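Look at the charged side chains in the structure below. Where do they pair up, and how open are those places to the outside?

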Amino acid sequence: MTLVSQIEAILFVVGEEGIGLEELAYLLEKSTAKTYEELTKLKEHYASDHKSALNILEVGNHFVLTTKKKYASLLKKYAQSPMSNALSQAALETLSIIAYKQPISRIEIDEIRGVQTSGSIQKLVARQLIEEKGRVDGPGRAILYGTTKYFMDYFGLKSLDELPDIQQMEDELEEELPMDLFFDRYQETNPMSETTEGEEA
């Protein structure tokens, strides 16, 4: 397990929020200088490897694993494809959490679901159901997510007040997430959709 491969693994897991140099160095138990040196090696590797679609974007002192710009049209085509329209149960659960708890960070969503949710979040962003609503004050400046106007139109809601009362549903379902609204309305608009329990988007 090389230092470069560890950096690659961390960048993949943190998703579109990325990670700060100091936090990455802390996790690797290396100096910031050594960590930056290895980050640069990985970035150069992606840039020179024409068979790889990956790239590392550096914003200030923050690093994000992204795809190269030349794949933008392909990924946009995927997001708009009818075959990718069906949201998995994992994506719907993530969307439910965001709808009720917004604004909320990915880390908080992960804690509620008990699994990593960056894949679901990326798909929901691509589908324009959620969007960035701000940043957390503090180290890392994590993105805060909330629902979009398209989300309201998609589920036929005039306001978030029309969502079922979460406290009442939590009491009745022993704090299970209130998914019925989303599954019922989603299946009405996607009658052929199938979801698999535990599947990530």
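Predicted model: local features only at pLDDT ≥ 70, side-chain atom pairs only at ≥ 80, totals over all residues.

A search of the whole structure finds eight salt bridges.

Begin in helix α3, which covers residues 32-48. Here the side chains of Lys41 and Glu37 form a salt bridge, with 3.8 Å from N to O. The two residues are four apart in the helix, so about one helical turn separates them. Lys41 has a relative accessible area of 41% and is partly exposed. Glu37 is partly exposed too, at 39%. This pair also belongs to a network of salt bridges that links Lys34, Glu37, Glu38 and Lys41.

Next, go to helix α6, residues 106-113. Arg106 and Asp110 both lie in this helix, four residues apart, or about one turn. Their side chains meet in a salt bridge with an N to O distance of 2.7 Å. Are these two residues buried or exposed? Arg106 has a relative accessible area of 8%, so it counts as buried, the cut-off for buried being under 20%. Asp110 is buried as well, with a value of 15%.

The last pair is Arg141 and Asp137, whose side chains form a salt bridge at 3.1 Å, N to O. Arg141 is partly exposed, with 40% relative accessibility. Asp137 has a relative accessible area of 70% and is therefore exposed, since exposed means over 50%.

Methods
Residues numbered from 1 in each chain as written. Heavy atoms only, no water. Salt bridge = Lys/Arg side-chain N within 4 Å of Asp/Glu carboxyl O. Buried < 20%, exposed > 50% of the residue type's maximum accessible area, 1.4 Å probe, protein only.
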